[in-house]
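Open the model in your viewer and keep the selection tool at hand. We will go from one stop to the next.

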Amino acid sequence: MRGAGGPLHVSIADDLDTVTEAIALSAERLGWKRTADVNASDNERIGFTPTNIENGRRVSSSSAFLRPVLKRPNLTYIDRTKAGYLLFEGNRVIGVRTRNAAITHDYFATKEVIVALGTIESPLLLERSGIGNGKILARAGVETRVESPHVGERVIEQRAVGMQATLRNDMGTINQGQNRLLNSPVKQAWAGAKYLVTHRGPIATGGYALVSFFKSSPDVDRPDIQGLFAPLSRDVAANSLKLAKHGGLMFTGFQLRPTTESSVHISGGLPGNVPIIDAHFLETENDRRVTATILDRAREVLSQHPLSELVLHEEIPGARVSSPEEVLKYSMDTGNTVHHAVGSCGMGPNNDDVVDAWLRVRGVDGLRVVDASVFPTMIAGNTAAPIMALAWRASDLILGSN
C-alpha cells in the first residue's frame, strides 16, 4: 500500500506497551479491524499510526525533496524572505516582489510563477496583488486586477474533541504507559540521551501510537471519524504543557469530512498587515451530528476488556460532558483545529473557481497555486502526504505545458 523506493519515507512503529496493546484489543471487541496498514481498507479499523519517520528522524517535504537537490545549478534557495506582491506585465504574472529584512528585491520568471504558501498565505498574496473579491479588496485599499470572488473563501478545517483517562497505579509501572518514561526531568534527560545514541525510544515516535477510523452511526456507509490514541497523559492542572505524574492515556477525534466553511482575507495592502481569519466550525447539521458522537465512541473502547481493567476513571472531560449538546460545546470551548485547512484557492470547473484542473489561476496567465489551498473538499485523513502527491503531479503538468 505504501509503495517502495520513494523519497518520502513511511514507517510503522512496532513497540507494543501494555496500554497500547489493551487499546487495540478493546477496539477489536467493538468490531474495529486491527490492521498493519490503516490505509489498506475503508472499514472501521485501528492500527499503529503511519509516520514520516526514518531512523528516528522526521522526514519533511524539505528533507525528502528540497535538500537532495540544493546543489543543482538551476535552483536558487533563499530563506528568511517574505513574498509581498506578484509582478505583472499586462495580464501575465512575470515575477514576485520580496523583502528580506530591509531589502526589497524583485525576482522575474521567464515562464511562470508557482505559489505554494498554504491555505492562509496563498490567498493573501493573491489579494495583495489584486486578485480576489473586488469588495474585499476595496475595503483593504487594493485595486482589483482580477475579479475572483472565492479567493480566501470556502476554507474547511477539522475540529477535534479530546479526552484523557487515568490508569490504575496498583498494577506495576509496566501498565502506566509512557508517562513512566518521561514524567520527570531525570527521565526526560535519560530518554534524550538514549535517543541521541540509538535514535529509538518515545522521542523517535509520532505523537499518537494508534490511529483509528470509525463510524458515527451504523447507518453511514463508511467511517466518518478519525481517532488517535496515545499511552500517555498530560498534567491538566499545570499552566504549561507537561506530563502527568500518574499514568494515563489520551484520545482525540475529529470528523473526517466537515463542510462548515471559513474564510481568510487581507486587512490591508501591506504584507505586514494581519489577516482577517473568520473561523467557523460545527455549523452544518452533519458536522454537528458526527462530532457529537465522538466521545461516546471513544468511551466504548475504554469500557471494553482488557482496557477497562487498566482505566481508573475518565479524568477529562468526565461525566459533565455527555449529551450531544455538551460534547459540541466542549469541542468549541476546549478543542482545537487539526492543522488540515484547505480550500482558500479551491480548484473547480466553474469560471469563478480560483484555479482550474491544471492549477492555473483563472483570469491571469503564468500563475499557478500548488498547495493545500487548492483542495476543494477536505481530505479524509491527514493532509501532508496528499499535498506532496499533489505537488508531484503538478510538476508533470508544469513540465508538460512548458
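Start with F65. This is a predicted model, and in it F65 has a relative accessibility of 30%, so F65 counts as partly exposed. Buried would require under 20%, and exposed over 50%.

F65 and W392 form an aromatic pair with edge-to-face geometry. Colour the helices and you will see what the pair links: F65 belongs to α2 (residues 61-66), W392 to α11 (residues 384-401). In total, the model has three aromatic pairs.

Next, select F229 and F251. Here the pair is tilted, with 50° between the planes and 4.9 Å from centre to centre. F229 is in strand β15 (residues 225-230) and F251 is in strand β16 (residues 248-255), so the pair ties together parts 22 residues apart in sequence.

Click on L307 to see its surroundings. Beyond its neighbours within four places in sequence, L307 contacts A22, I23, S26, L249, V301 and L302. As a rule, nonpolar side chains in soluble globular proteins tend to be buried together.

Move on to helix α10, residues 324-334. Which of its residues are buried? They are V327, L328, Y330 and S331. Look down the axis: the buried residues of α10 fall within an arc of 160°, so they line one face of the helix. Turn to the other side of α10, where E325, K329 and D333 are exposed. Then show what covers the buried residues of α10. The cover includes strands β13 (160-167) and β19 (311-316), along with helices α7 (285-291) and α8 (294-302).

Finish with two arginines. Select R145 and F88: R145 lies over the face of the F88 ring, 3.9 Å from the ring centre. Then select R159 and F281. The charged end of R159 sits over the F281 ring, at 4.9 Å from its centre.

Conventions. Residues are numbered from 1 along each chain as its sequence is written. This is a predicted model: local features need pLDDT of at least 70, side-chain atom pairs count only at pLDDT 80 or more; totals for chains, interfaces and linings use all residues. Side-chain values use heavy atoms; hydrogens and water are left out. Contact means heavy atoms within 4.5 Å. Buried means under 20% relative accessible area, exposed over 50%, partly exposed in between (1.4 Å probe, protein chains only). Helices (H or I, at least four residues) and strands (E, at least two) are DSSP runs, numbered from the N terminus. The arc is that of the directions from the helix axis to the C-beta atoms. Rings of Phe, Tyr and Trp (its six-membered ring) pair if their centres lie within 6.5 Å; planes under 30 degrees apart count as stacked, over 60 as edge-to-face and the rest as tilted. A charge sits over a ring if NZ of Lys or CZ of Arg is within 6 Å of the ring centre and within 35 degrees of the ring normal.
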